[in-house]
Structures are given as structure tokens and as C-alpha cells.
Amino acid sequence: MGVQNAAGALQLISDGSVCAEALWDHVTMDDQELGFKAGDVIEVVDATNKEWWWGRVLDSEGWFPASFVRLRVNQDEPMDDYLAHLEGAPEGGAGVCRSLGPGLPCKEQMRANVINEIMSTERDYIKHLKDICEGYIKQCRKRTDMFTEEQLRTIFGNIDELYRFQKKFLKGLEKKFNKEQPHLSEIGSCFLENQTEFQIYSEYCNNHPNACVQLSKLMKIKKYVFFFEACRLLQKMIDISLDGFLLTPVQKICKYPLQLAELLKYTNPQHRDYKDVEAALNAMKNVARLINERKRRLENIDKIAQWQSSIEDWEGEDVLSRSSDLIFSGDLTKISQPQAKGQQRMFFLFDHQLVFCKKDLLRRDILYYKGRLDMDEMEVLDVEDGKDKDLNVSVKNAVKLVSPGREEIHLLCAKKPELKQRWLRAFRDEREQVQHDLDTGFSITEVQKKQAMQNASKSHPAGKPKALQHLLALKAPPLLRSKSSKCLHFPESPARAPLVSPLLPDVPRFRLGWGIRAPPGVLRRAFSWVSSQSRELQ
């Protein structure tokens, strides 16, 4: 539709101004893009690019996707009369619906448009994944003199797994797709049946920053630039650099909630697919949150390793051998058997373990390791103010940790009642975190743990850093982090501009280095939208 629109628009613009009707809401956070709602009338000023046009709505101007609009049938109808007609028509009125298709109500035609877009983008996506696997990976494996298996795994991640999964997913969609009457298609169940398998995107998204760094290093060498370009030409792929193709899966997992939200918007509650689409939308938001949470946890292990390397007199196994997240931290008075004497300690609650340290008397930013408690073996009890029967001491704002058989009993006293409640909540969150990791199968590999510890030792060769400086980077907010993530954000490689993938329309823009193009904020909107919807579910 965009190519036909563009040809018609160019012809009309040459004769004067041309107006188009919005088929979709276009929400934007970019000041160079034009926002509008379905049914709005846009004056098209420039349609030289077939995918992105420059237009005007009232006093606002900017870029917008050509596929989001259709040219008005009657270009001679005055703009004011048309807007007045829309205001007088009922919501979703025939004034707009007339042009959307013969014999179909407006909402059903819009649903058909969304279904067709989902099917079209899914088929395009499969082609892009196939091109990467057959056009790049296959050729790279032939050149053992240029690439090691480790390098290829870093650059391409588990994209071959994504390709196999997406082929199966597309087959399921095709079975549910009604070619003759797309608005009757029932595709919501396809997303629900595969929601667990979509979690394989977590590994790919976590690895993507490493892929960008590795690829950036190789692209500084001319023979690799020529090799990758030869791969692209041999596979007859579109003119997008490899890093643009590798960004596609990250963008795709963000796009699913957007598409499902649009599908739900135009699905009548009485439609047989309504409940499944509604459930699928929530499921894909949960997938996005899970990917974000896993990414945050992987980023945290480097900070945890650096924190441990800053602790004096460390004993026993590394924190990362069992833990990957700092839940809470703070000062408490510790009273334990047998002496039952209060000791001021700084506690760090990780998943599975509670580490406690002593502050240096003169330099309070230096910490000395004093021990740890296995939270898998401890029961947490709320203690009333007064005399404790087990240790025969008077306590206030205390929490008791008891081991099976009561071989170990520890009293932890906070300075204020509010701090005690925060710690009780933190202990509950720690248990929930452990159970959640078991349920979702989250774990840190031995290679990742080893790499984090090596990085920590390399980053401080001249001596130990201050422990509390790393604590600032690690420390959870006072009221503890929610399980659900605040944003879906995948860091870009250093000193690189945002990339555009084949999934997003090409846009008039300037080039920034080899093959890099700056899109007009579409991906950022996807992240922002998923983030806002995630908060609504909390």
C-alpha cells in the first residue's frame, strides 16, 4: 500500500497539496515525527521517500510512516468540511469506514489490517533470520582462518535457535490465518502456546551488546568489511549492514506487544479471539519484563564481583557461586551465641545468602569480611520488643534467624521500627526471588561467573577500591526493587549511533559511519510503550 500511496501522492503533490486519512494511531516521542490518531486528516507535504512522508496536522509538522495512512479518495473536499463531517459522525463513523473496504464495518477492516501486518512482518522476519543464518553464519564457518567458534557465538548469539523457533511459530500462525476473511483469524492462541519459548530471546538480547563490541573490532579491519559485504551480496540481501540485521530480534520482541495491543483495540469483545488476544498481550508483556530482569541480573554480576574484590580479608567461596542479586543492605546490630554480645555490622542480603562485614574504625568506607549466613537454611522470625528467651537479652526492633534444630540463633536489631519492617520485607523478597528463579529456570553460567571475577581483578590491579563506592552502584532502593522491570532497555555499543533493522521503515536520514543509520525514534517508542504498560500491570 505504501508504494501505491507514494506514487499517487507524488503525482498529486506536483499538482498542489494532498491530504491523507490516518488508518492507525501514530504515537511519537520524537520531535521530528508527526503524531496523530486514526481518522485524522494529514496534509502530505513531501512523499519522495516511499516509506516515510513529511506531513502537517494543524500547526504540527514531521515525519510519519506512509503505511499508517491512505490517500483521500476525494482530494477536492475542503479540509474544514471534512473535519466537520468527522465531528458530526458517530465514533468510528462511516465517513472514515467508507474508504476502508467494501462491505466491512470499520473496526473489522482495521482488525484485518492489523492481522495482515502481523502476518506480513512475520514472514519478512523469517526471511531476515534465514539470510543471517545462511548468508553470514554459514559462510563465516567456512573461514576458520578468520573466525573462531567463540567469536561466531559472540557475534550471532543463539540466532539459529530463534530461526528454528520462529519457523515453527509462523507455521502455527498460518494455520490460524483466514486468507479470505483476515478479520476472522484467531491468532491469539499461537502466542499463548509459545509464551515460554519466547524466553529464548533473553539470551540473545543479553548477548547483543557483546556482539556489537566484537563486530565493531572486526569492522576496523578492511578484510572483514569486504567479507561481510560479499556475504550480503551473495545472499542478495537488502542494503543494511550486519549490525542492523543483528538488531532485528531485539526490535522484534519489543514489537509483539505493540502489535497485540493494536489487535486488541480493534477486536470486538464478542469476537472468538478476544480473550486469547487479551491474554497474549499480557503474556508478551511478561516476556518483555522477564528479558529485562534477566538482563539487569547479568549486568549486576560484574558489580557484585567488583564489590567482593573490594572487601578486605575475604574468606570462602565467591558470592557469585550462589548469588546474582543484591536484595537489600544496611547497618544492624548482631547478637549471636555463645557470647550474646551486640556487634555493629553492615549486612548485604543476596539471594541465598546474607553477608556481614565490619567497617574500619578510621576509614568507614573500608569493609572487612566477618561471615555469612545461608538463607536456604534459615527461618526468619519477627521478634517482639523485650527480653529474648533464647539468648536471654533485651532487644528492640529485632529479627531472629534460626537454623533447623536451632543450632544457630542470630538476633539482628535495627535502629528504627521502619528499618525492621524493611528488613522483614527484604527477607520475604529474597525467598520469592529464589522461588522465581527456580520457576523460570534462571541461572548464571560458570563461564559468566568466572569472567566477572576476572574482570573485577583486572579493573583494580593497583590495589583494592573502596567497598562502599561499589555499594552505591549495587544497592537496591530503600523500598526494594519490584520483580517487574521499570523499562525495557538494551544498551547500545559504545560510541555507536542507533541502528535501523529491516523491520522498521526506511526513513530519509543521514549516514553515520559504515552502514549506520539513525531511525526517527521508532524503537525508542517501542521500549517506552512496553515500559509504561509494564507499570500498569503492577
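Me: What does buried mean, and which class does Cys 133 fall in?

Reply: Buried means under 20% relative accessible area, exposed over 50%, and partly exposed in between, with a 1.4 Å probe and protein chains only. Cys 133 has a relative accessible area of 13%, so Cys 133 is buried. This is a predicted model, where local features need pLDDT of at least 70, side-chain atom pairs count only at pLDDT 80 or more, and totals for chains, interfaces and linings use all residues. Residues are numbered from 1 along each chain as its sequence is written, and side-chain values use heavy atoms, with hydrogens and water left out.

Me: How many disulfides does the structure hold?

Reply: A disulfide is a covalent bond between the sulfur atoms of two cysteines. The cut-off here is a pair of cysteine sulfur atoms within 2.5 Å. The structure holds zero disulfides. For Cys 254, the closest cysteine sulfur is in Cys 205, 7.1 Å away, which is too far for a bond. Cys 254 is buried, at 0% relative accessibility.

Me: What span should helix 12 have?

Reply: Helices are DSSP runs (H or I, at least four residues), numbered from the N terminus. The expected span is 1.5 Å times one less than the number of residues. Helix 12 has 24 residues (417-440) and should span 34 Å; its end C-alpha atoms are 34 Å apart, which agrees. Just after helix 12, Gly 441 takes a positive phi of about 75°.

Me: Which residues of helix 12 are buried?

Reply: An α-helix has 3.6 residues a turn, so residues three or four places apart point the same way. The buried residues of helix 12 include Lys 420, Trp 423, Phe 427, Glu 430, Val 434 and Asp 437.

Me: What does Asp 437 touch?

Reply: Contact means heavy atoms within 4.5 Å. Not counting residues up to four places away in sequence, Asp 437 touches Arg 297, Asp 351 and Phe 442. Asp 437 has a relative accessible area of 9%.

Terms used. Helices (H or I, at least four residues) and strands (E, at least two) are DSSP runs, numbered from the N terminus.
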